[in-house]
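Here's a walk through a two-chain model, from single residues up to the contact between the chains. Have the structure open as you read.

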Amino acid sequence: MQFPFLSIIVFTPMVAALVLLMIKPEQKKAIRVIALTAALLALTLSIWVYFAYDKTSAGYQFIEKYTWMPMLGISLHFGVDGLSVPLVLLTGIVMVTGVMISWGIDDRPREFFAFLFILASGVFGVFASLDLFMLFFFYEIAVFPMFLLIVIWGWIKTREYAAMKLTLYLFIGSVISMIGALVMFWSSGANTFDMLILETVKFTPDFQKIWFLPVFLGFAVLGGIFPFHNWSPDGHVAAPTAVSMFHAGVLMKLGAFAALRVGIMLLPVGAKFWAPLIMGLALVNIVYGAFIASVQTDFKYVIGFSSVSHMGLVMMGFATLKPEGLFGAGVQMFSHGIMTALFFAAVGMVYDRAHTRDIPKLGGMIKPLPLVGIGVIIGSLVSMGMPGFSGFVAEFPIFMGVWKTQWVVAVIAAISIVVTASYVLLVIRRVFFGKIPDEFEGHIIPINLLDKIALVMLMALMVGIGLFPALMVPWVQSGVQHVLILLGGV
Amino acid sequence: MDTILPILPEVLLLTLAMLVIVLDPFLKKGMNHRSFLGFFTVIGLLIIFTLSLFFVRPGDPILIFGGMVRFDWLGFLFKLFFVFAAAMTALFFMDTNKLNQRAEAYLLLLVATIGMCLMASSADLVMLYLSIETTSIPLYILAGFLTGDEKSIESGFKYLLFGAMTSAVLLYGFSLMYGFSGTTNLYDLGIHFIKFDSLAVGITFLLLAGLAFKVSLFPFHFWAPDVYEGAPTPVAGFLSTASKAAGFAVILRLLTAVFPAISANWSTILAVLATLTMTVGNLIALAQKNVKRLLAYSSIAHAGYAMIGVVAFSPLGTTSAIFYLVAYILTNLLAFGIVGIVGRVTGSDDVSAYNGLSRRNSTLSLAALVAFLSLAGMPPFGGFVAKFFVFSAAVQSGWIWLAVVGILNSIVGLYYYLNILKYIYLYRMENQDEEHNPVHISRPVGLALIILVTGVLFVGIVIAPWFSFASHAALNLF
């Protein structure tokens with residue numbers, strides 16, 4: 001019996017949340033320290049799992065299986081492959097940086113961190129689960145704290161609307177997928193929710209063609225796929241900083257990942273049948289998202305729509321069903337997660353000081369907030385897919401895969417790179433350079449040490465993976481290998 | 001001893017009821033008197049619960065007392081539910097003015113519980129009718145117990161009128177069944193109902209009217225919001241959980257014992273009713289501003305969800321319906337308990353009374369979070385697995401459209417449950433002075449809340465044991 005790394009990673013935040021709820025709400029200092037400790041513990045373990053993962057063999061590792069409900073073949077079944085292990089790491093990183101950046105929250109911090117950690121537990125659970133029932137269990141756990149986090153600590157103007165919209169969208173998506181999963185369960189005849197066994201069941205092609213779309217799209221709602229992306233920019237903007245980081249950085253990957261794992265991996269024939277449609281939708285995401293982002297005047301909406309655009313690239317990578325595309329999508333999930341987490345952290349820091357996110361009203365922020373400025377510049381380079389940064393490692397293979405499938409799509413999608421470059425550079429110039437408006441002169445206090453650590457961590461990762469792709473490539477490749485076997489072609 | 005054992009819970013309940021009423025005059029009036037009676041009832045009920053759980057476990061189903069009662073897992077399980085619900089309700093009684101001063105309140109509660117226990121296990125039309133009346137009459141009185149309060153009187157009276165009416169209809173159905181078959185035993189009636197002919201149609205509708213009232217299925221749900229709103233909150237909680245579960249026990253038994261041959265016809269009718277019940281309940285709940293009325297409509301909708309399991313008409317379907325009721329009883333008792341506390345402190349059941357609750361008492365708000373999210377069907381609370389199993393059973397039996405309807409409805413439900421949480425967590429009191437207006441929880445209610453929150457989590461996380469209990473009950477029926 002090996003050490004149960006994954007279940008400890010999954011349940012650490014949950015236990016921490018329960019511990020936090022036992023503490024008296026007045027002891028804010030203790031609450032923050034406990035939160036940070038738990039987050040660091042989860043991060044340390046996920047780093048360990050990442051490096052202990054044997055990338056030479058395709059398939060699942062760190063497998064743990066405990067019987068949960070034998071009558072319906074439900075078990076607590078954890079395991080990671082090369083696609084999910086970077087995402088577990090990502091969640092750990094975003095969790096730690098999120099706690100650091102939320103240090104200053106003064107309104108009911110106990111509840112804030114507790115809800116945030118329940119959310120984190122759900123996210124870890126989805127990435128690590130190999131049981132379909134469990135996947136839904138954790139998926140829903142990841143959805144509902146979002147409502148509370150946005151509605152209580154969010155941006156006062158839109159929080160009620162955005163929180164409800166987000167929760168309903170995601171819930172609708174997940175329950176539609178759930179029907180698909182139940183139909184899969186009963187027609188497989190295997191009487192188990194174990195995805196390793198369901199992978200080997202050959203569903204009839206007709207069945208797969210009918211049920212792939214609801215299952216895939218149900219999850220892809222959380223991945224922000226067009227035309228169901230509408231909740232995401234509103235949700236990003238209304239959420240408090242740490243929650244936006246979680247939301248755009250990790251939660252959207254949750255949708256894409258579950259769509260891959262349940263949709264494509266369990267129903268490969270359906271995936272092949274519907275791939276052109278998914279690719280079309282993803283193309284709309286990419287181009288439309290980029291254009292909408294370029295006309296926003298609210299700093300946070302720019303990032304929100306750019307997330308929609310970038311998640312389109314992930315979906316497009318999936319839709320190629322080719323090694324390059326899938327590989328690129330795998331790296332993009334990680335790279336985009338780190339990048340948006342950084343963007344939202346930066347936006348939050350600027351907003352906390354300037355009390356506005358209106359781009360025309362801002363300017364010259366690089367002087368009082370140099371590190372934030374550098375972070376945003378690096379993030380922008382990543383989002384343009386500049387070589388030397390993690391975005392390149394991700395986007396280039398996606399375009400290669402798309403080119404092999406349908407070159408026209410690749411050409412159209414490439415427009416988005418130009419548009420992205422134009423709007424991110426414009427935003428950087430307007431917010432960080434130029435003359436600082438008089439009202440902010442001398443009023444912008446520098447960021448504190450914890451903020452700095454968080455920013456540097458995120459920046460280092462983006463540059464590190466860009467310069468040393470070997471830190472991530474073999475992992476994702478081993479994961480893609482497994483997907484390709486299921487798709488029937490290597 | 002062997003013959004008395006199967007009805008041990010009822011015998012003990014009756015003894016307890018007698019003790020409560022006999023002890024009452026000998027107690028000095030005052031504070032201690034109140035809590036003594038309450039705790040006496042609660043401890044008695046918990047002892048009955050434990051004894052039943054360990055010593056009254058049935059083996060193979062047998063008919064006893066001349067076929068009046070069937071000793072099986074369905075009856076056993078539901079008796080546990082009722083005794084548990086009564087214990088929790090008695091704890092809530094202790095915190096409610098007027099109810100806690102009168103031994104009659106506890107007596108009526110116990111008598112209603114005896115009736116329910118018999119409802120769940122009776123195997124004979126006569127016994128069934130008597131037990132339904134034994135349940136209903138004390139509940140009519142309890143609903144109208146606050147004699148100084150016009151709403152409560154109205155509630156009791158309305159409940160009585162509706163109840164008496166449907167009970168007459170039900171009795172007419174029973175008499176037809178007896179008239180055409182010559183037997184009153186449920187397990188002998190089955191051979192007479194093989195075809196869905198005009199007689200069966202007539203009986204079906206008469207029975208439906210009577211039983212749909214009990215579980216508040218559309219179109220017999222109109223009484224629920226009015227009665228719940230006016231009745232003392234703990235009584236409303238008891239009505240919406242135990243009384244409803246008793247109705248389900250009877251429906252499950254009748255369907256499997258008397259009408260298995262024409263189950264397809266029944267199922268179709270029930271599927272339509274379940275759809276309407278869920279939809280109507282949820283849609284009207286959207287517009288409610290009074291939390292008790294909202295919970296009333298939501299509990300109508302929940303009857304619809306549980307009915308999906310009945311419609312599936314398979315061992316898994318019945319199991320999931322019973323499992324659903326377990327989760328629902330725990331959750332709804334919790335929800336009504338919270339409503340009771342807020343109602344006592346603020347004197348209002350309006351949603352705006354919940355403004356700033358999380359700052360006034362954060363623990364109570366967490367309990368409310370658990371209750372409403374579980375009602376909405378979110379993990380890791382009981383509501384999620386319960387819904388999952390119900391939908392799963394529907395899909396298994398080929399009722400995919402019904403599962404889809406249920407899922408669409410649960411989205412509507414999520415909306416209004418989240419809305420209440422918004423009042424609790426986001427909005428502030430008018431004077432923004434929550435710190436000086438804390439909400440205190442009395443000891444008995446606190447105890448009940450702890451038990452219920454733990455229960456809701458337990459049902460949602462440790463699924464297997466409850467599921468196997470429920471499936472025992474289901475297999476005894478098929």
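## A buried loop residue to start

Ile441(B) is buried, because 21 other C-beta atoms lie within 10 Å. For that label, a residue needs 20 or more other C-beta atoms within 10 Å of its own; 12 or fewer makes it exposed, anything in between is partly exposed, and the C-beta atoms are placed from the backbone. Ile441(B) sits in the loop between helix 17 (400–425) and helix 18 (443–461) of chain B. Helices here are DSSP runs of H or I with at least four residues, strands are runs of E with at least two, and both are numbered from the N terminus.

A word on the ground rules: this is a predicted model, where local features need pLDDT of at least 70 and side-chain atom pairs count only at pLDDT 80 or more, while totals for chains, interfaces and linings use all residues. Residues are numbered from 1 along each chain as its sequence is written, and chains are lettered from A and ligands numbered from 1 in the order in which they are written.

Setting aside residues up to four places away in sequence, Ile441(B) touches Ile341(B), Leu364(B) and Gly446(B). Contact means that the C-beta atoms of two residues, placed from the backbone, lie within 7 Å. As for Val42(B), it is 399 residues from Ile441(B) in sequence, with 18 Å between their C-alpha atoms.

Chain A has a loop residue worth a look too. Thr192(A) lies between helix 6 and helix 7 (195–200) of chain A, and Thr192(A) is buried because it has 21 other C-beta atoms within 10 Å. Its contacts, leaving out neighbours within four places in sequence, are Gly73(A) and Ile197(A). Pro70(A) is 122 residues from Thr192(A) along the chain, yet their C-alpha atoms are separated by 8.7 Å.

## The two chains

Here are some overall numbers for each chain.

| Property | Chain A | Chain B |
|---|---|---|
| Secondary structure | 18 helices, two strands | 19 helices, two strands |
| Box of C-alpha atoms along principal axes | about 70 × 55 × 40 Å | roughly 70 × 55 × 40 Å |
| Buried residues | 62% of 490 residues | 60% of 478 residues |

In chain B, take the contacts with a separation of 6 or more: 80% of them are between residues 24 or more positions apart.

## Domains and core

Chain B splits into domain 1 (1–258) and domain 2 (261–478), with bounds from an automatic or database domain assignment. Their centres, taken over C-alpha atoms, are 21 Å apart. The contact between them takes 44 residues from domain 1 and 52 residues from domain 2. On the domain 1 side, helix 10 of chain B has the largest share, with 15 residues.

Then there's the largest nonpolar core, with 395 residues; Phe81(B) and Leu334(B) have the most contacts inside it. A core is a set of buried Ala, Val, Leu, Ile, Met, Phe, Trp, Tyr and Cys residues joined through C-beta atoms within 7 Å. Helix 5 (residues 132–153) of chain A gives the most to this core, with 20 residues. Beyond four places in sequence, Phe81(B) touches Ala242(B), Ala245(B), Leu325(B), Val326(B) and Ile329(B).

## Where the chains meet

The contact between the chains takes 25 residues from chain A and 29 residues from chain B. Which helix gives the most to the chain A side? Helix 6 of chain A does, with 11 residues.
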